[in-house]
Amino acid sequence: MASVLRFRKLCYVESAVKCTSVGYESFEIDEKLDEKEEDVLSANNFALEINKKRKLPKRQPKEWRCLDSCCWIIGYLCTTWWLLLFCYHCLPVTLLRVPELPGPGVRLKREGLTALHPVVLVPGIVTGGLELWEGRPCADGLFRKRLWGGGSFTQIFKRPLCLLEHLSLHYETGLDPQGIRVRAVPGLVGADYFAPGYFVWAVLIENLAKIGYEGKNLHMAAYDWRLSFQNTEIRDHALTRLKSKIELMYISNGYKKVVAVPHSMGVIYFLHFLKWVETPPPMGGGGGPGWCAKHIKAVMNIGPAFLGVPKAVSNLFSAEGKDVSYIRAMAPGVFDSEILGLQTFERVMRMARTWDSIVSLLPKGGEVIWGNMDRSPEEGHVCDFSKKSHSKTSLTTNNVNNSDVKRGFLVKDLANYGRIISFGKPASVLHSSKLPTADSKEFSRTSTSENFNNFSCGEAWTEYDEMSRQSIQNVAADKAYTTTTLLDLLRFVAPKLMRRAEAHFSHGIAENLDDPKYNHYKYWSNPLETKLSDAPDMEIYCMYGVGIPTERSYVYKLSPNSRCKSIPYQIDNSVHGEDGSCLKGGVYFADGDESVPVLSAGFMCAKGWRGRTRFNPSGIATYIREYRHKPPTSLMEGRGIESGSHVDIMGNFALIEDIMRVAAGATGDEIGGDQIHSEIIKMSERINLGL
Amino acid sequence: MSSLRRRKPINESSDSKHNEEEEDEDHDDVDADGDDDVNGKNKKTPSKIKKKRGEKPPKQPKWSCMDTCCWFIGCICIIWWLLLFLYNAMPASFPQYVTEAITGPLPDPPGVKLKKEGLEAKHPVVFVPGIVTGGLELWEGRECAEGLFRKRLWGGTFGEVYKRPLCWVEHMSLDNETGLDPCGIRVRPVSGLVAADYFAPGYFVWAVLIANLARIGYEDKTMYMAAYDWRLSFQNTEVRDQTLSRIKSNIELLVATNGGRKVVVIPHSMGVLYFLHFMKWVEAPAPMGGGGGPDWCSKHIKAVVNIGGPFLGVPKAIAGLFSAEAKDIAVARALAPGFLDNDIFQFQTLQHVMRMSRTWDSTMSMIPRGGNTIWGGLDWSPEEGNSCAKKREKKNETQIADQAGSENAVCKAKSANYGRIISFGKDVAEAPSSDIERIDFRGAIKGHSAANTTCRDVWTEYHDMGFAGIKAVAEYKTYTADSLVDLLHFVAPKMMARGTAHFSYGVADNLDDPQYKHYKYWSNPLETRLPNAPDMEIYSLYGVGLPTERAYVYKLSPHAECSIPFKIDTSADDEDTCLRDGVYSVDGDETVPVLSAGFMCAKGWRGKTRFNPSGIRTYIREYNHLPPANLLEGRGTLSGAHVDIMGNFALIEDVIRIAAGASGEELGGDQVYSKIFNWSEKINLRLDEEIPVHSSR
């Protein structure tokens, strides 16, 4: 201890001397040497005093030094901080709480609603928590701690690479890598909050609890959202558990059928489950053909991604979305430069491409649903960004270098939504006859011998590293891709990923649903390739937000830097349309809930399953409930009680009320049948699908 | 508080040169206050500063006291923040590294060791937590509990206990009549492994076992925590929450998804009784039971590994119900007399606690079962002749010095009358039974009590008794296990009326009697048969070598108004008979005496008996308690204490081996340190099926 003190003393003396010589030069420069010595001595004392809280004469103001000020400031800061913290913890709880708006739960309880049907919540992609069960040495001390969701993401900042490694799956099998076990967090805590204060299911749970729901009649069907749906059964028996839970709740709640509330990707997961549970054992759950009719009252899909989301395309293709490309536009170079050798995007892409589940969100139904080169169901949709409050970035930098050319043949700057990916703005607006045809057969991998990248960059990270420069440019030369050719494109740029994932998912439309091949599980999550189960009393709801511009198609460009291990394509964020056009920052927008376009969320309920169709042979009743987005009026409202955006809608009071009424026994007609704000019916009519 | 004190030194420090010592003390005060402010989180800072202050420089005058204080506070805050920062920035493996640097390499935790041996997850595992250790969360509450929705009321940090204690007590209590939820309050068990892995932050219950099982490949799909509301009576958990049905369904699911491998059930503490109840429930036909059919257990259960099981109850439960105190509280009262009894701030802590815990039916499941046959009568007890000098040596190292003389003396001169579970006065506890004059309390008239009107907010049933009733209880002098139940009926009739509808404490004469089909007998091993599952194994794992409460010396409480009229006589001490602070102790794991934990496996169920008609094999595994060698070990890897044993490496290894497929013989059969077999011999309990000619004593 003594030596430490001495060492400290020296330090203080030294800095004190420095302070003197710098700060008070003019004042003390020609003082005598012994005075300086005295000075040092007092500084010496002062240093000791810091350690020992002894007294030092304070009468001479001139001895006030910069060191003192620093110490004082630090002291003040820490003390205030501490005091505030202390006060915060001491204050009575009632004083601090933000006055909460009374949720619909209280009102409905007053109306006399009580818990009737058990409720199963099925979380979507990304929102569910994941925890570590076995890991590499770098993840020491994280056993049964959350790697994803729930708690804070502090671990991501502490050891980012370690975390990425643990969250990745095996590239070939799509299951756990050797020696790593990351599992879904079970129970309601699995997805009530994504991060502290950022609710997902919490508001709904709280309101349900008001009318009497609790652990025995409320179940969160947590599953590992990174896996393909069938693999959750193979690895974790997640589907069997869900089946057993539903059966148990059905019996222990007096034989009341279950209301399922899936969200986002959970919607197609639950669709998969419904098929799985009635299929005989080796592949399915063996519940028999009447299982759904017996156990399920209603499926209330929130923000359903039935037909996929275009966002998944950009994610798989270049690991970016609208938000990322905005940031890139604002601060160019942050992501692209090799700061600290991080290469964030490449790593993220590498991780995300091991997740099979993302492939389940690719647009389904091909050109029939999503439109071809020249037409799309959303044609004529007018975007007016100026009205939308949330898009604050101005449209000043309208890049109009190409606009003169296109004026020649375009009366109106209509978006060709069908072209999900186009390279360059011209390719996105030109008429198809003027474009080079995108023939998937042209894609051919140049032989590996030409692939010099592979040698110079060492270990291949993403499958882009295995492509030669030439083939990368070939892809761009093809100009525009529709949903059908897009799949070919992905198969070309990421063959292993697609081979792995396409064993689990299919994205087409069935010609003949009785074809025995459709008994395979890879078709179960595609509503266009399965029949709904035979449950005429069941109800299917499509509940989603509208009124928010949603990514629908992208304008891409080749990435400028061609260094190793980089992603060769990125969204061309310099491309903007004119006022009133839906093109902004390289992204075409359509109506939706910010993630899922209306088309994907509503089509099945509006047309595909409406009445008795070949996809819905037993005529299960479908209802569309749309919720127009209104941004929160004040800060106190948090994320808004009338929000329509993809996740925030879970706090939308109108939606919660609908769910509670159905859970308490109401039917779709009793809550008001369809409630439509968007043009979904019109759009559906334009889709020419045999029913 | 600290700001008030801070001003005090002003007068003194004007001539501070002279009273250096005094000022130093003032600093200590400030120091301690600062500590209080943070609820004692920061223990390091004061000691550090004290050390630094050790060497003082020559003093400079005119440094005002305010400055000192400011400096002082500033420094504390800064150091604190620094430490906090360092703590957060510290790599997770740092504490382990330090430990290894000091004590040398630690032994591998059993999970790692067994993984190297090649063990793999085989049988699914079901945990059944005990009383108190499971978390409870709020689903619906009164206004005072706003903002606590789905927050833990029990377990976790217990922050709310300090912030709004009365509200907390109100929400934790059950309805006094029904033993179910009070109107408008729903408190439910936390589900999943998080329910009981840690009781409070850093205080593990199941966490160590879970972590070690995970090493050999266990995960969520092969582990299941059968969390239940431990406040309710066992059958009520099914009535209210369908908990038993859920456990049944989950066990069936575990077996089905793991290729038909049977489950290994690991109940702890009261969970042992709960699971006993479950095994009967699941095979009983549907209206009252689970309708699993007579071979459900043999189909689904490989082994029941009971940890610290109070099969025959615990004497601690009596003290808890009778006067809301136990050894710990009695000791605290002895140390700071008057603190708990005074009406400081109108708290009346113990009364509130008693009122709350008396609404919990489950505490009544722990009342000693089997009456005098098991626990001994006025003059005999199975543990007779137990010497306790040896144990004290281990337990209280600090007292070795004072007791050096008595330690060598084996106390055979006189032995404690453990059979007298409650005696009023030490002399009564020691006198031969013929000398005690007892006046039967059962017919006594309970006087009218004025207290009923004045202390309404802390109402306990004692206020209905009146002075005459209290006096009658004390006049009976001493109670054995049999009369204890009557005593409780007398002092708390409503509670016991509720309790006896769900639990029974006797010994069955004839197990074929149809009355034993009622669920209230299912959790009493002396009134039920084990299921017909000859392949099943029953283990009893418990710690030994710790003094455990066995019998109490009581006295009448001096003030009779709104307080509990009885309390443990902490002044009663006797070196020879294991009497300390009014408590007679025997060998056990600090909560459950060996007799209760081991008797069923040692004798009651050994071989084919009437309680175990199919001859399920039983094994006893005892673990001798060794205190942790140093502070770094935390609660010890060799501990035998009731809860800490869950971190005992030897026990964990046994559990893992069983889960990985080993049978009892492969583990090494019985492992006994205590005299459980001797004591069991002394218990005269009929084990074969014949109808007895005359009842046992």
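**Reading a predicted model, step by step**

Q: Where is Leu132(A) found?
A: Leu132(A) sits in strand β2 (residues 130-134) of chain A. Keep in mind that this is a predicted model.

Q: Is Leu132(A) buried or exposed?
A: Buried means under 20% relative accessible area. Leu132(A) has 4% relative accessibility, so it counts as buried.

Q: Which residues is Leu132(A) in contact with, leaving aside its neighbours within four places in sequence?
A: Among them are Ala139(A), Leu142(A), Phe143(A), His166(A), Arg181(A) and Val182(A). Take Val182(A): it lies 50 residues from Leu132(A) along the chain, yet their C-alpha atoms are separated by 4.5 Å.

Q: What share of the contacts in chain A link residues 24 or more positions apart?
A: Of the contacts with a separation of 6 or more, 77% join such residues. Chain A has 691 residues, and 56% of them are buried. Its secondary structure comes to 27 helices and 17 strands.

Q: How many residues are in the largest nonpolar core?
A: First the general idea. In soluble globular proteins, nonpolar side chains tend to be buried together. Here the largest such core has 162 residues. Those with the most contacts inside it include Leu121(A), Trp201(A), Phe273(A) and Val493(A). Helix α12 (residues 265-278) of chain A gives the largest share, ten residues. A second, separate core has 160 residues, including Leu114(B), Met172(B), Val282(B) and Val643(B).

Q: At what angle do helix α12 and helix α13 of chain B pack?
A: Two packed helices are described by the angle between their axes and the distance between the axes. For helix α12 (residues 243-257) of chain B and helix α13 (residues 270-283) of chain B, the angle is about 80° and the axes are 11 Å apart. α12(B) and α13(B) are therefore roughly perpendicular to each other.

Q: Which residues meet there?
A: From α12(B) come Thr243(B), Leu244(B), Ser245(B), Ile247(B), Lys248(B) and Ile251(B). They meet residues of α13(B), including Tyr274(B), Phe278(B) and Trp281(B). By class, the contact has eight nonpolar, three polar and one charged residues.

Q: Which element of chain A has the lowest mean pLDDT, and which the highest?
A: Where pLDDT is low, the predicted coordinates should not be read in detail. Helix α19 (residues 403-407) of chain A has the lowest mean, 38. Strand β8 (residues 258-262) of chain A has the highest, 95. Chain A averages 76, and 72% of its residues score at least 70.

Q: Where does pLDDT stay under 50 in chain A?
A: One stretch is residues 53-58 of chain A, with 26 contacts beyond four places in sequence. Another is residues 438-442 of chain A, with seven contacts beyond near neighbours in sequence.

Definitions and conventions:
Residues are numbered from 1 along each chain as its sequence is written. Chains are lettered from A and ligands numbered from 1 in the order in which they are written. Side-chain values use heavy atoms; hydrogens and water are left out. pLDDT is the predictor's confidence in each residue, from 0 to 100. Helices (H or I, at least four residues) and strands (E, at least two) are DSSP runs, numbered from the N terminus. Contact means heavy atoms within 4.5 Å. Axes are lines fitted to C-alpha atoms, for helices over the stretch in contact, and angles run from 0 to 180 degrees between N-to-C directions. Angles under 35 degrees count as roughly parallel, over 145 as roughly antiparallel, 65 to 115 as roughly perpendicular and the rest as oblique. Ala, Val, Leu, Ile, Met, Phe, Trp, Tyr, Cys and Pro count as nonpolar, Asp, Glu, Lys and Arg as charged, and the others, Gly among them, as polar. A nonpolar core is a set of buried Ala, Val, Leu, Ile, Met, Phe, Trp, Tyr and Cys residues joined through side-chain atoms within 4.5 Å. Buried means under 20% relative accessible area, exposed over 50%, partly exposed in between (1.4 Å probe, protein chains only).
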